[in-house]
Amino acid sequence: MSSEFDLIKRYFTRTAPDGYLGVGDDCALLPIPSGRSLVTSTDLLLEGRHFLSDIDPFLLGHKTLAVNVSDLAAMGAVPAGSLLGLAVPDVDHAWLQAFSEGFHAFAEACGCPLIGGDTTRSVDGIVISVTVMGHVDPKTVLRRDAAVPGDDIWVTGELGAPDVALALLQGRLPHDAQLLAATRPALEAPQPPWRFAQRLGGVGHAALDISDGLAQDLGHILRASGCGATVYYAKLPIHPGVASLAPSVQHHAVLAGGDVYQLCFTAPSSQRERLHTMANEEGVRLARVGVTTTEPGLRILDDNGKQIILESAGFDHFGDRA
Ligand SMILES: [Mg+2]
């Protein structure tokens with residue numbers, strides 16, 4: 001590799017934590033506590049498809065790791081390390097500096113150090129691949145197929161803001177500087193509840209992170225678990241900036257808007273008090289939004305008990321967000 005592209009060494013190498021072997025050898029080493037299983041996931045992000053070209057590179061660095069840590073959270077795993085593949089058309093030192101700082105800041109915050117990677121020149125546009133690794137107790141790992149009829153359905157954080165911010169940036173909603181300022185942080189700097197999620201194993205039944213919209217993502221749990229659900233719209237944790245929008249715009253943003261990177265999970269009703277305590281201790285907003293049923297299908301009911309019908313159950317602004 002040309003020294004020009006020895007960017008991992010220049011921008012991405014940090015001192016590895018105790019017990020790790022980080023960037024610099026043929027492979028990296030990371031410790032896994034005994035009795036735990038390795039959990040891993042990878043994600044590919046293309047400029048113009050998964051992120052806008054003019055996004056602040058510090059926020060992009062944060063988001064590329066955060067969306068992967070969100071997947072670890074969805075399994076109830078403890079983050080342990082990450083790998084980065086990065087292809088850029090040109091070496092833009094200011095961009096690389098800011099991107100790496102955003103990545104490292106979140107890596108340090110959630111204990112997911114970058115322990116290896118590779119960089120190269122792309123033909124066109126920026127391509128980013130992140131692989132995260134974590135560990136989990138295999139007996140209490142949160143799977144999509146573990147919901148039981150009668151479970152409470154819970155959502156962390158707030159819904160709706162990322163979709164509204166993106167619609168404003170893309171001109172699908174009329175210009176509104178105040179609304180954009182209120183919703184943009186949720187789109188560009190998602191904060192998955194990784195610490196709360198580590199305590200969810202053995203408490204919750206099934207979980208996933210909301211990346212494609214609540215309705216579609218909850219549908220994955222219901223199909224995998226062979227049950228249905230009733231969700232009460234009035235109980236959903238709606239971002240305050242979204243609450244003032246017209247019902248059709250709001251329903252779409254809340255129920256079908258992607259890029260949320262918060263958890264949707266089910267748990268037996270006996271765990272209500274414990275879940276509220278955990279959420280308070282971890283500073284996480286937690287809402288009980290519905291119940292799983294033996295009757296298949298997802299029913300989302302408004303204040304009058306009338307079913308809300310979405311034009312598209314799964315909304316995907318860029319085409320194929322996984
Ligand atoms: Mg996921």
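1. Charge. In this predicted model, the protein chain carries 23 positive and 37 negative side chains, and the centres of these two sets lie 6 Å apart.

2. Overall build. The protein chain is made up of 9 helices and 10 strands. Its radius of gyration is 20 Å, close to the 20 Å that the globule rule gives for 322 residues, and the protein chain is therefore as compact as a globular protein of that length. Taken along the principal axes, the C-alpha atoms fill a box of roughly 65 × 50 × 30 Å.

3. Of the 322 residues in the protein chain, 52% are buried. When contacts between residues at least 6 apart in sequence are considered, 86% of them join residues at least 24 apart.

4. Strand β2 and its partners. Strand β2, which spans residues 78–88, is mostly covered, with 8 of its 11 residues buried. With strand β4 (residues 127–136) it pairs in the antiparallel sense over 9 bridges, and within that pairing the bridge partner of P79 is G134 in β4. With strand β3 (residues 114–121), by contrast, β2 runs parallel and is joined by 7 bridges; here the bridge partner of L86 is T119 in β3.

5. Residue T64. Helix α2, covering residues 57–74, contains T64. Is this residue buried or exposed? T64 counts as buried because its relative accessibility is 1%, which is under the 20% cut-off. Leaving aside neighbours within four places in sequence, T64 is in contact with L45, F99, F103, I128 and V130.

6. Strand β9 and its partners. Strand β9 (residues 286–293) has 6 of its 8 residues buried, so it is largely enclosed by the rest of the structure. Strand β5 (residues 152–156) runs antiparallel to β9 and is joined to it by 5 bridges, with W154 standing opposite R288 in β9. Strand β7 (residues 228–232) also runs antiparallel to β9, joined to it by 4 bridges, and in this case A229 stands opposite T292 in β9.

7. Backbone at D259 and Y261. Most residues other than glycine have a negative phi. D259 is found in the loop between α8 (247–256) and β8 (263–267), and Y261 is found in the loop between α8 and β8 as well. As for cover, D259 is buried, with a relative accessible area of 4%, while Y261, at 2% relative accessibility, also counts as buried.

Note on methods. Residues are numbered from 1 along each chain as its sequence is written. This is a predicted model: local features need pLDDT of at least 70, side-chain atom pairs count only at pLDDT 80 or more; totals for chains, interfaces and linings use all residues. Side-chain values use heavy atoms; hydrogens and water are left out. Helices (H or I, at least four residues) and strands (E, at least two) are DSSP runs, numbered from the N terminus. The radius of gyration is taken over C-alpha atoms; the globule rule is 2.2 Å times the number of residues to the power 0.38. Buried means under 20% relative accessible area, exposed over 50%, partly exposed in between (1.4 Å probe, protein chains only). Contact means heavy atoms within 4.5 Å. Lys and Arg count as positive and Asp and Glu as negative; His and the chain ends are not counted. The place of a charge is taken as NZ of Lys, CZ of Arg, CG of Asp or CD of Glu. Two strands pair if DSSP finds at least two bridges between them.
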